[in-house]
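I opened my notebook for a first look around. Here is what I looked up, entry by entry.

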Amino acid sequence: MEITDVSATKIGSESWGEFVEFPLVTVMSKYEEYNNATGDNPDARRDWMGPVGDVVVEVETDAGITGVGHGNWATGAIETIVDETLSKLVVGEDPRERERLWDIMYRATIPFGRKGAAVEAISAVDLALWDIAGKEADKPVYELLGGPTTEEIPCYASNLHPVDMETLEREAQEYAEAGFDAMKLRFRHGPEAGRAGMKENEEIVRTVREAVGDEIEIAADAYMGWTVKYAKRMLDRLEEYDMAWVEEPVIPDDIDGYAEIREAAPMPISGGEHEFTRWGHEELLEREAVDILQPDVHRCGGLTELQRIDAMASAHDVPVIPHTGTNPHLHFIAASTNAPMAEYFPIPQWYQEQQEEKDSTYADAIYANPPNAEDGTIPLPDGVGLSAELNREAVDHYAVE
């Protein structure tokens, strides 16, 4: 079998829906024009994220099999790297030689890569190659990864947004009633909001804890918006709420800060969503910077690299809970003994109610068969390959020239 063509399509961040407009702390919250903590600047995140949300890559073969993958984050540079570099490296090659092709793509992009858009582009191509492998074998990819380790995948509800405390309370209760044993909220403030912001952050956590009781695991995401000093003070205030983890307290390159926070924190610290390749994640592990590793298969180097990262994490007794719950992540989790759960983005009932006509959101825009949780678990992905059949109507609708 031989690769005959590689194409890339930029998908607008509009496909992520209105959830990007909700008030929450981000890595850019220190700048007033990009801060939406009060909810009165809904375009704050769109203004810095850019118009492109994902880049879908399709790899065609002379066997009539086409593999699909995507690279994630708001940059069209992924398309350029696929078109101008990676496609020239892989066209004419055997798509089954994934290890060799991964190494070729990585080495060829070192002068401008090693992290960021170049590795995200490699991730998309690598996922497409795994999709081809599954389709050729007429099996789901998790069987090629070693077979399922579970009959269904536990997941946590990851769409708790602090739009207001009454809505937050109702949403948390709805998730608990729907069978989720764990859920994740977003903090609203960082250091720029001072002590008042810390008080409101604590109120958000307290509201969720009181809404769901003591038996539900509660995690929270700071999305790189804190400093080490602020994180240590904030996490001390949150000790009484028995949190499952606090995610990305500082920027990913501040690994010393991660380690300092983890040593002082009364709850587990997670990170890795914005890290790349085995080498980046190895540093987090070796320096004991995180209790939970959260790589994203669409960023870290694809399934080929995620397997390596998972093996390292297992050797350090650090569980892997990937960022987002896309189908490729579910195939990985299904075949791993070190990945206890998936992230899942249920659409809140209150959000559905306020929409007369709701556009697709990130959870279901690109693909025709998005994951669907019931009673806090997701069934193993259906179909052969990566379960990556595209929703062509949505892809065409959100495509960016």
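This is a predicted model: local features need pLDDT of at least 70, side-chain atom pairs count only at pLDDT 80 or more; totals for chains, interfaces and linings use all residues.

I then looked up where two of its members sit. Asp181 belongs to the loop between α6 (165–177) and β5 (182–186). Its relative accessibility is 55%, so Asp181 counts as exposed. Asp242 is in the loop between α8 (228–237) and β7 (245–247). Asp242 also counts as exposed, because its relative accessibility is 55%, the cut-off being over 50%.

**Entry two: backbone angles.** I stayed with Asp242 and checked its phi, which is positive at about 50° although the residue is not a glycine. Asp375 is another non-glycine residue with a positive phi, near 55°. I located Asp375 in the loop between α13 (349–353) and β11 (377–379). At 55% relative accessibility, I could note Asp375 as exposed.

Next I looked up its pairing. With β1 (residues 3–12), β2 pairs in the antiparallel sense over nine bridges; Asp5 has Glu60 of β2 as its bridge partner. With β3 (residues 66–72), β2 also runs antiparallel, joined by seven bridges. Here Asp54 has Asn72 of β3 as its bridge partner.

Last, I followed the chain from β2 into β3. They form a hairpin with four residues between them, and Gly64 in the turn has a positive phi of about 80°.

Terms used
Residues are numbered from 1 along each chain as its sequence is written. Side-chain values use heavy atoms; hydrogens and water are left out. Buried means under 20% relative accessible area, exposed over 50%, partly exposed in between (1.4 Å probe, protein chains only). Two strands pair if DSSP finds at least two bridges between them.
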